[in-house]
Amino acid sequence: MPQQFTATFIEREEALPRNAIVRLAAPRAVVDAAAPGQFVMLHQGLAAGRDPLLPRPFSIMRATRARGAGEPDSLELLVFTGGRGAGRLVEARPGEPFAALGPLGSGYQLGGRVSRALLLAVGHGIAPIVALAEAALARGVAVTMLVGANSADQLLPLPYLPTDAEIAVATADGSRGHHGAVTDLVPEYLEWADGIYAYAPEPVYVALREALRAYRGARTLPPVQVAIERGMACGVGVCLGCVVQTKGGLKTVCRDGPVFPLEQVVLD
Amino acid sequence: MIAKYPPIWARWDVPVIVNLAGDTVGEFAEMAAMLDEVQGVAGVELNVSCPNVEAGGMFFGCDPGLAAEVTAAVRAATTLPVIVKLTPNVTDVAAVARAVADAGADALSLINTLLGLAIDVRRRRPVLGNVTGGLSGPAVKPVALRMVYQVAAAVDVPIIGLGGITGLDDALEFLMAGASAVQVGTATFADLGMVTRIIDDLAAWLAREGLTSVREIVGVANAGRGARGAE
């Protein structure tokens, strides 16, 4: 169940240019309830001069119980610090409170039968994909992460990624890993994976769908779950600002999603 | 819906008003009749900012005749208080307000959202799945206040003012423009405690001003209030 809570700022690490990993203390019930693909809404508007007025959704990258006495239970978020949406998160000091709501949304379903998960992340999508990778690894699922970016400096450095996952990288400028689209890497894993999960901009899903359609092997391809991103005002299905057309009718990204079966998503 | 929610509302300390949206006059009347005398339902509010399928998609609330027709049909179908929520997407909001009041509305609420559009330049498509959407929040407050002011001068029924209220001062502006009550929507997304804070702040403000009731300030800034049709 989502709940209102106060998230207390702990620390911020500049993990990438204009992106920081922000760690916030959160109640244990929130940390325990958080599932991969879910997000929290962080409010900062009215108290800070109404800008931004509305809360912003942030994917949960890690939800971690305290490791020792005196340590807080915490959430880690990957925050783009170059825009208005980050608000006070960019300058917050330890102890600063943020009104929050979460965990929200319908995340990835890691079915009990999945034993080899193929995960694909581009850009900011790495945050929820890390959450999914760690949840899968904890259950003994073998994980391969395909990570795409424009250039090497936009890839989340290895220390932030799960150590037990196989990681393959693609960059558009060829500065690291495969020179090209991350979806170019997908075909070689289609004989291997029995679950496919992605968090990327929608054009990547078009390419992913093409890669699946081009498969000529003998297997029945596994189901694919993808996350859709939209601006949100409420995060709980009330304002209908994030509604998208799907093959199953209009759906709210915040409540029915953000994760949908690829075959349900309308890509234009 | 009726089996599930009204019993929950009946246990709450606040009255619950159900907002109705329909495609036809008959649908509005049918829904209002279904809610009549249901425990937990204190009233209905008609969302007339939707297209009338039987009138070629013309928005109920954009035409005084259609707005009056749906109001009268609901009025006849229920004993509940009937509030009609007016759309700002019209040229003459006072004309619609008069038509709806004359057709039997117990109160008017205004404004509904302003029709807007945003384009995602990266995707080169409208941001919203429905292409257009309702603009709300502080940006619409001046428009809402102006319309409340105009309508207060045009009708005798109570007005519920809304549109961009984010605190005590905004609520006072709507009351002084002629609203007897206010609604808060968007600001609740920004601050879940907004409504209770405005209520507390309003009580404290009245006490500081030596006033005993909000009624004493309703319409005080409105030169036309009470002089019906004199705007």
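How many salt bridges are there between chain B and chain A? In this predicted model, the count between the two chains is 0. Polar contact between chain B and chain A is counted for 2 residue pairs, both at pLDDT 80 or more. On chain B, helix H7 (residues 186–190) gives the most to the side that touches chain A, contributing 4 residues. By class, that side of chain B has 8 nonpolar, 3 polar and 5 charged residues.

The contact draws 16 residues from chain B and 18 residues from chain A. About 1,400 Å² is buried between the chains, and carbon and sulfur atoms account for 63% of this area. In chain B, the most area is lost to chain A by B:Phe189, B:Ala190 and B:Leu192, which together make up 42% of what that side buries.

Over all chains, a search of the whole structure finds 14 salt bridges. One of these joins A:Arg23 and A:Glu11, with the closest N and O atoms 2.9 Å apart. A:Arg23 lies in strand E2 (residues 19–25) of chain A and A:Glu11 in strand E1 (residues 3–16) of chain A, so the pair ties together parts that are 12 residues apart in sequence.

A:Arg23 also takes part in the lining of the largest cavity. The structure holds 1 cavity of 30 Å³ or more, and the space in the largest cavity is about 30 Å³. Besides A:Arg23, the lining is made up of A:Thr64, A:Arg65, A:Ala66, A:Arg67, A:Glu71, A:Pro72 and A:Ser74. The lining residues divide into 4 charged, 2 polar and 2 nonpolar.

Backbone geometry was also examined. Most peptide bonds are trans, and most residues other than glycine have a negative phi. In chain A, the peptide bond from A:Gly102 to A:Pro103 is cis, with omega near -5°. A:Pro103 belongs to strand E6 (residues 97–104) of chain A. A cis peptide bond also joins A:Gly257 and A:Pro258, where omega is about 10°. A:Pro258 is placed in the loop between strand E14 (249–252) and strand E15 (259–261) of chain A.

A:Leu240 sits in the loop between strand E12 (224–227) and strand E13 (243–246) of chain A. B:Arg124 is located in the loop between strand E6 (119–120) and strand E7 (125–126) of chain B.

Definitions and conventions
Residues are numbered from 1 along each chain as its sequence is written. Chains are lettered from A and ligands numbered from 1 in the order in which they are written. This is a predicted model: local features need pLDDT of at least 70, side-chain atom pairs count only at pLDDT 80 or more; totals for chains, interfaces and linings use all residues. Side-chain values use heavy atoms; hydrogens and water are left out. Contact means heavy atoms within 4.5 Å. Buried area is the accessible area (1.4 Å probe) that two parts lose on being put together, summed over both. A salt bridge is a side-chain nitrogen of Lys or Arg within 4 Å of a carboxyl oxygen of Asp or Glu. A polar contact is a pair of N or O atoms within 3.5 Å; within protein, one must be able to donate a hydrogen and the other to accept it, and residues adjacent in sequence count only if both atoms are side-chain atoms. Helices (H or I, at least four residues) and strands (E, at least two) are DSSP runs, numbered from the N terminus. Ala, Val, Leu, Ile, Met, Phe, Trp, Tyr, Cys and Pro count as nonpolar, Asp, Glu, Lys and Arg as charged, and the others, Gly among them, as polar. On a 1 Å grid over the protein atoms alone, a cavity is a set of points where a 1.4 Å probe fits but cannot get out, and a pocket is an open set with protein on both sides within 12 Å along at least five of seven lines; lining residues have an atom within 4 Å of a point. Grid points are joined across faces, edges and corners, and a volume is the space filled by probe spheres set on the points.
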